[in-house]
Amino acid sequence: MHDMKAQGVALEDQQVQEQHPRVSIIEAYKESPRAQRAIIVIVPVYILMTAIAYLFTWIRHDIPLRPEVVAFIMLSMLFVLIWHSVVVKGVRQTVAFFLLSWAISWFCEFIGHNYGWFFGEYHYTGTLGPRIGGVPILIIVTWSVLMYSAFMLIDWLIEMKGEKRVRSR
């Protein structure tokens, strides 16, 4: 009885492997849609550019990056990610994702900034620009960029490869 169960499990595993063979990360990258490959390159390039800029300001003992530069980097990254999301997920899912991410970001930062929950006591200076409820808009944008990047990385790693899922009714 035990041997038959083991054979059944082994047969199921073999069928799953035949239907979904394992591929290397390089192969998965090559098989990914063009927009997916583009974002896999663009996000690390932005991160690298920011790291280099911070390194230069540190080496020169200069003031940190100017808020305008940070705002430009984050807003341009947001526009790239919105473009990517529209191409990969569609307009409806893009709007839903970013509205939800902005709402969650603002709520967590609002509670943290005003009541000290989540991250402890902290306050923003006026350097980061306009605010909503004490939370700089730039912070909300930054969280949405991080959320979308993490979401798409996880999406890609679990082999959805950014494709739209068909909903069952």
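Modeller: Let's start with a word we'll need: two residues are in contact when they have heavy atoms within 4.5 Å of each other. This is a predicted model: local features need pLDDT of at least 70 and side-chain atom pairs pLDDT 80 or more, while totals for chains, interfaces and linings use all residues. Residues are numbered from 1 along each chain as its sequence is written, and side-chain values use heavy atoms, without hydrogens or water.

Our part is helix α5, residues 91-115. (Helices are DSSP runs of H or I with at least four residues, strands are runs of E with at least two, and both are numbered from the N terminus.) Its 25 residues reach 35 Å from first C-alpha to last, close to the expected 36 Å, which is 1.5 Å times one less than the number of residues.

Now, what is tucked away? Buried means under 20% relative accessible area, exposed means over 50%, and partly exposed is in between (1.4 Å probe, protein chains only). T94, F98, S101, S105, E109, I111, G112 and H113 of α5 are buried. Their cover includes α4 (67-89), the strands β1 (131-132) and β2 (135-136), and α6 (137-157).

Follow α6 for a moment. Among its buried residues are I139, I140, V145 and Y148, and the buried residues of α6 pack against α2 (25-31), α3, α4, α5 and β2. V145 also belongs to the largest nonpolar core, where M74, M77, L81 and V145 touch the most other members of 17. (A core is a set of buried Ala, Val, Leu, Ile, Met, Phe, Trp, Tyr and Cys joined through side-chain atoms within 4.5 Å.) The largest share of this core, seven residues, comes from α4. Beyond its neighbours within four places in sequence, V145 is in contact with M74, M77, L78 and L81.

W143 lies in α6 and counts as partly exposed because its relative accessibility is 34%.
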